[in-house]
Amino acid sequence: MHTVIKNKLERFKIVRLLISIYRIKAVRALFPLLIIGLVYLEGQHELKQIHLGKIIRDLKSVPVPSIMQMLGISLLSVAVMSTYDYLIRRHFRLEIGWLRTFRYAWIANTFNNMIGFAGLAGAGLRTLLYKRSSVPASLLAPAIVFLSPLMITGLSLLGWGTITGILPADRLLEAHRWLDFAIWGMALYLPFFVLLQRSALFAKWVNRGEGRTAWLTVVASVGASFLEWVFAGLTFWFIAGELLGSTPFLTVFSIYVVAAIAGILSMAPGGIGAFDLIALLGLTQLGIKSDHAMAVLVIYRLFYYIIPWLIGLVLAALEFGLPGTKGAERSGDRVDAPLTVWQKIWGWPGQYTFLSDLGVWALGKLVLASGLLLLLSAATPELLYRLKVTEELLSLPVMQISHHLSVLIGFMLILLSRGISLRVRRAYAWTSLLLLSGAVFAFTKGFDYEEALFLLVVAMILWISRSRFYRISVPFSAKSTLWWLLLTSAVALSYYGLASYTHHGFLKHLPPGIQPEWLRQHSNVAVTAAGGLIFSWLLLTMLVALRPQHKADTLLADKDMARLERFLSEGWGNALSHMLFLGDKSFYWAQEGRVLFAFARVRDKLVVLGDPLGPMNLLNNGISEFRQAADLYGLSVVFYQATPAYLPLYHEQGYRFFKLGEEALVPLADFSISGSRNASLRSVKGRFEREGYHFEITEAQHSKELLQELRLLSEEWLAGRMEKGYSLGWFSEPYLQLAPLALLRGPEGHLLAFASMAPGYDGQKSVSVDLMRHHKDTPNGTMDYLFLCLLAWAKARGYKSFNLGSAPLSNVGGRFGALREEKLARLVFERGGHWYGFSGLRRYKEKFNPVWEPRYLAYPAAVTLPLLTLDLVRLVSRHPEEEGGDE
């Protein structure tokens, strides 16, 4: 049924057009901006009436009991959202404890409030969290699908309340008629949801064939969402009442509903912008001043969104960041960690296995929030009575020094938050020290015990998760450094603007009789902002807290050719092993030297040429060992030109694959140029032999005169182009001295073409052609004759297979369900012959009747394929004599 409906809809061009437009990411990103722009145009008069300094003064003067009450109802409202998780727990019979369900709900809901819309962020987090409790995918997927569409049904029901007049918002709607469309659109979602829940399609896909969703479940679903939005509206009304005095419940609640609908439809995270401006417009229509209305929105955002999310970050950091075995996480294996006292208290049983990256991500964001909190605290005026108390205990110079140091520590914590997210050991040490120092200075600059307490809590969580920080260093590119410089510069400008504006406004609105001269002595905000920014960068650069890169050179140092030669003599080589003597690869010896990885570094990746070498039964552990060693420096391991026989190993390691092309292997036992198919090859062979062309193989060592002759031919062939590297051989005299050379001379004895041989170091089983060069004016068929002679020579020497090299992108992206990148590669192969000649190269090699064997790129799931492709192009295009890796 659904297929028929879909086919009917697709007949309409307008539907196809709208779907195509929506799929464009840029359009989806612009839509929230357009909504916010529209709302801004509607409310620009009210925005101009806002005085930030007065808002800060009003917020600072709120009594502590009122703050606690507003915070309490906000946290209660967020807790109510856990009914969603208890609903799916019962409906799908998930075997998860009550407390753990609440914990998962809090994390998912607060993250979804802050960074997601329509439940997408919450759905992703719930998937991650429930997997930790071993919920099978057969239950988890339908549970998430069941939950996602029901989260706005309660708001849809409240939308009907606005339409019917139960929730009066007439004045707001009359002033802004476009909001009618938003409310009607949201209201119509409820009947659509009910029809969907009761449909046979939903019963088949989500209810796992157990029949249509029961009416009781449908009502419970809508009821859970209704509770969420009602409590959120109650929180908004309660905060407005605490700050503004007595306010009519239904009117304020109605304003909240309309603003929430606008925020949801804007698709911005947390409805930011659209919700706030619509709520501001509605409150000002009640005769509330813009400053007071904005204070309500600031407190609502702080108590309902930011503080619960910070608690969610703490829970996520504890949930995913408990101490565990470092090697288990880095290798991807599920290894049980030893239990600590804290773990036993936190949640038993079964909390102590594989830890996700969300934990360190949350820790990094907590450190970032700590830095921003210190800067925000320093940028806004302190409470007068606290300043007086602090001044009585400490001298004014001590308070001023504490103020400056708080700003400096704030900037340093922002920078160090990146190192925390990347698990850098030294970043953890410096961050812990700075958090403790920041708590002290927050207290001494103005008795800010709230900020000090928050910093101490973050420091404690870091200490609990200290075993998570194992990396020695991480690579940082110039682009990343520039990005963080721009970010911290923007923060410094924001600090300067906020501090200048709020202090000025705060001083203007001080009560009569207060002498503000001593308050002005705090600091020059411009100097403080610039000094904090500059000194934080200087200190971190001097301390090298995040990047002692010289230590990563230990991975790149081994290029022992004598050891390589001894290892290959045991028969562990492959078609690419001879290129290791070029000297541009580093060696990592795993499993006590019995497994070899030959690699080159590009940015944050170690690219292994071909498969690892060594006994097959040691390779899996060898790969894990190499990946763990690379991970100490924040580097990823990638395998380039991987062969099919090794794909199960990479798959077990969690790697993904991209087909690079196919390699032409000629079975020499069956090779022959007899038969009608090979008539052209016989013709070429006969013509060159009759005309007196001479083929010869010269064994190493080669004479200086011959190498000079080869160099002149090579330079003519290059015609000023730069040599390629890494997976391609280049003209290097020491390298050419290591293997036989195939020479083709004309009737007069002058050199027409040459090729270097690359033995497979596999017990005389295979040999490859490596470097090939020829004069520009060689006769047609020259390379055909050279290859025929090479094949005959290899067959006579007893080799089993001759490798003609690869045909890049050959047979890539042709199968059903191929990756988007593979389909693009296929287009390049088929249509890009004018530039690259890929299809022509395959046709040329086909004449020698090879067996085609695929070659792959194996890469970790965390690596982005398009960026990896650019890095590989950069690696192959790097000048062959360039030493070291890219930063």
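Modeller: Two strands count as paired if DSSP finds at least two bridges between them. Keep that cut-off in mind, for this is a predicted model.

Biologist: What makes strand 3 and strand 4 a pair?

Modeller: Strand 3 and strand 4 (residues 636-642) share 5 bridges. The cut-off is at least two, so the two strands pair. Their sense is parallel.

Biologist: Why is strand 3 called largely enclosed?

Modeller: Buried means under 20% relative accessible area. In strand 3 (residues 605-609), 5 of the 5 residues are buried, so the rest of the structure largely encloses the strand. Lys605, Val607 and Leu609 point one way, while Leu606 and Val608 point the other way. Residues pointing either way are buried.

Biologist: Why are strand 1 and strand 6 said to stand at the edges?

Modeller: The open sheet has 11 strands in the order 1-2-3-4-11-5-10-9-8-7-6, with mixed pairing. Strand 1 (586-590) and strand 6 (694-698) each have a single partner strand, so one side of each lacks a neighbour in the sheet. From one strand to the next, the twist averages 30°.

Biologist: Which helix packs on the sheet and touches strand 8?

Modeller: Helix 36 (residues 782-796) does. Strand 5, strand 9 and strand 10 are among the other strands that helix 36 touches. The direction of helix 36 makes about 40° with that of strand 8.

Biologist: Why is helix 10 called roughly perpendicular to helix 15?

Modeller: Helix 10 (residues 153-164) and helix 15 (residues 215-244) pack at about 75°, with axes 6 Å apart. Roughly perpendicular covers 65 to 115 degrees. The angle falls in that range, so helix 10 is roughly perpendicular to helix 15.

Biologist: Which residues meet there, and of what class?

Modeller: Leu155 and Leu158 are among those from helix 10, and Phe226 and Trp229 among those from helix 15. By class, the contact has 7 nonpolar, 4 polar and no charged residues.

Key: Residues numbered from 1 in each chain as written. Predicted model: local features only at pLDDT ≥ 70, side-chain atom pairs only at ≥ 80, totals over all residues. Heavy atoms only, no water. Axes fitted to C-alpha atoms, helices over the stretch in contact; angles between N-to-C directions. Helix = DSSP H or I, 4+ residues; strand = E, 2+ residues; numbered from the N terminus. Parallel < 35°, antiparallel > 145°, perpendicular 65-115°, else oblique. Contact = heavy atoms within 4.5 Å. Nonpolar A, V, L, I, M, F, W, Y, C, P; charged D, E, K, R; others polar. Buried < 20%, exposed > 50% of the residue type's maximum accessible area, 1.4 Å probe, protein only.
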